[in-house]
Amino acid sequence: MTSRANVNGEHAIRPPPNHHHRHHHQQPHPHSHYQSGGSYSSSSASFKGCCCCLFLLFSFLALLVLAVVLIIVLAVKPKKPQFDLEQVGVQYMGITASPSTTVDGGPPSPTSASLSLNIKMLFTAVNPNKVGIKYGESRFTVMYRGIPLGKGVVPGFYQPAHSVRQVETTIAVDRANLLQADAADLIKDASLNDRVELRILGEVGAKIRVLDFTSPGVQVSVDCAIVISPRKQSLTYKQCGFDGLSV
């Protein structure tokens with residue numbers, strides 16, 4: 001404690017400085033901001049590294065699958081399967097004409113006609129490959145002059161390597177109506193010419209199967225022209241064409 005004289009000569013006591021009331025402001029550590037920024041940069045780099053690793057992994061797996069497929073294709077050398085319409089059995093064919101009408105003094109012609117048909121088709125599937133073939137469900141349509149009359153279905157099946165298999169389907173047409181010109185052509189074909197020409201269209205889907213691997217689909221298109229004799233109730237002509245796509 002010290003004393004100091006004032007103007008009147010008196011001594012005033014000066015209290016000692018109080019060190020307890022001083023406020024010391026702690027300065028931030030100079031490396032704190034640097035450490036926080038460094039941690040964020042490290043996390044971002046780690047995330048980018050993970051993404052690059054995943055991308056490279058998926059790319060490698062895709063290339064591996066592609067290589068396996070190419071090896072199988074080169075080893076198997078797949079060939080187009082054969083799917084042939086072997087036989088057509090006519091079980092029933094009936095034609096009913098409506099009353100004829102005369103237009104402008106011309107010959108009478110039916111206004112409509114109905115066709116009932118029941119045929120059984122036998123197909124032969126030939127697999128020339130070293131591996132099995134899995135066929136999907138196949139649908140066939142019978143047509144008269146571009147008019148659909150009915151459909152037949154062959155269920156899917158599996159065919160072993162180097163084998164021949166026969167499958168069949170039945171197409172039943174119940175009184176399909178034909179109008180005017182088509183009806184007149186049908187009556188003429190049946191009564192005068194004793195030949196009704198029909199067209200059978202369909203697509204057969206097949207896939208080559210190796211172990212648990214199934215190849216992309218192969219489409220075999222079936223296009224057959226048949227001629228039926230209504231009097232004999234039998235088939236008199238059959239001509240088929242096939243068009244397939246390679247695997």
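Q: Which side chain does arginine 139 meet in a salt bridge?
A: The partner of arginine 139 is glutamate 137, at 3.1 Å from N to O, where a salt bridge is a side-chain nitrogen of Lys or Arg within 4 Å of a carboxyl oxygen of Asp or Glu. This is a predicted model, in which local features need pLDDT of at least 70 and side-chain atom pairs count only at pLDDT 80 or more, while totals for chains, interfaces and linings use all residues. Residues are numbered from 1 along each chain as its sequence is written, and side-chain values use heavy atoms, with hydrogens and water left out.

Q: How many salt bridges does the count come to?
A: The count comes to five salt bridges, and among them are those of a network that links Arg145, Asp185 and Asp189.

Q: How far apart are the closest N and O atoms of aspartate 189 and arginine 145?
A: They are 3.3 Å apart, and the salt bridge of arginine 145 with aspartate 185 has an N to O distance of 3.8 Å. Arginine 145 sits in the loop between S8 and strand S9 (147-154) and aspartate 185 in helix H2, so this pair ties together parts 40 residues apart in sequence. Helices (H or I, at least four residues) and strands (E, at least two) are DSSP runs, numbered from the N terminus.

Q: Is aspartate 189 buried or exposed?
A: Aspartate 189 is buried, with a relative accessible area of 12%, whereas aspartate 185 is partly exposed at 26%. Buried means under 20% relative accessible area, exposed over 50%, and partly exposed in between (1.4 Å probe, protein chains only).

Q: What else does aspartate 185 touch?
A: Not counting residues up to four places away in sequence, aspartate 185 touches Tyr144 as well as Arg145, a contact being heavy atoms within 4.5 Å.

Q: Switching to cysteines, which ones does a disulfide join?
A: Cysteine 224 and cysteine 240 are joined, S to S 2.1 Å, and a search of the whole structure finds one disulfide, defined as a pair of cysteine sulfur atoms within 2.5 Å. The pair links distant parts of the chain, with cysteine 224 in strand S14 (residues 218-229) and cysteine 240 in strand S15 (residues 234-244), 16 residues apart. Both cysteine 224 and cysteine 240 are buried, and their link is right-handed, with 115° about the S-S bond.

Q: OK, and which residues touch the most other members of the largest nonpolar core?
A: Of the 42 residues in that core, they are Phe83, Ile119, Met121, Phe140, Leu149, Leu198 and Ile200. Strand S6 (residues 112-127) gives the most to this core, with seven residues. A nonpolar core is a set of buried Ala, Val, Leu, Ile, Met, Phe, Trp, Tyr and Cys residues joined through side-chain atoms within 4.5 Å.

Q: With which residues is leucine 198 in contact?
A: Leaving aside neighbours within four places in sequence, the contacts of leucine 198 include Leu117, Val142, Leu149, Cys224 and Ile226.

Q: Last one, where is phenylalanine 60?
A: Phenylalanine 60 is in helix H1 (residues 32-76), and at 52% relative accessibility this residue counts as exposed.
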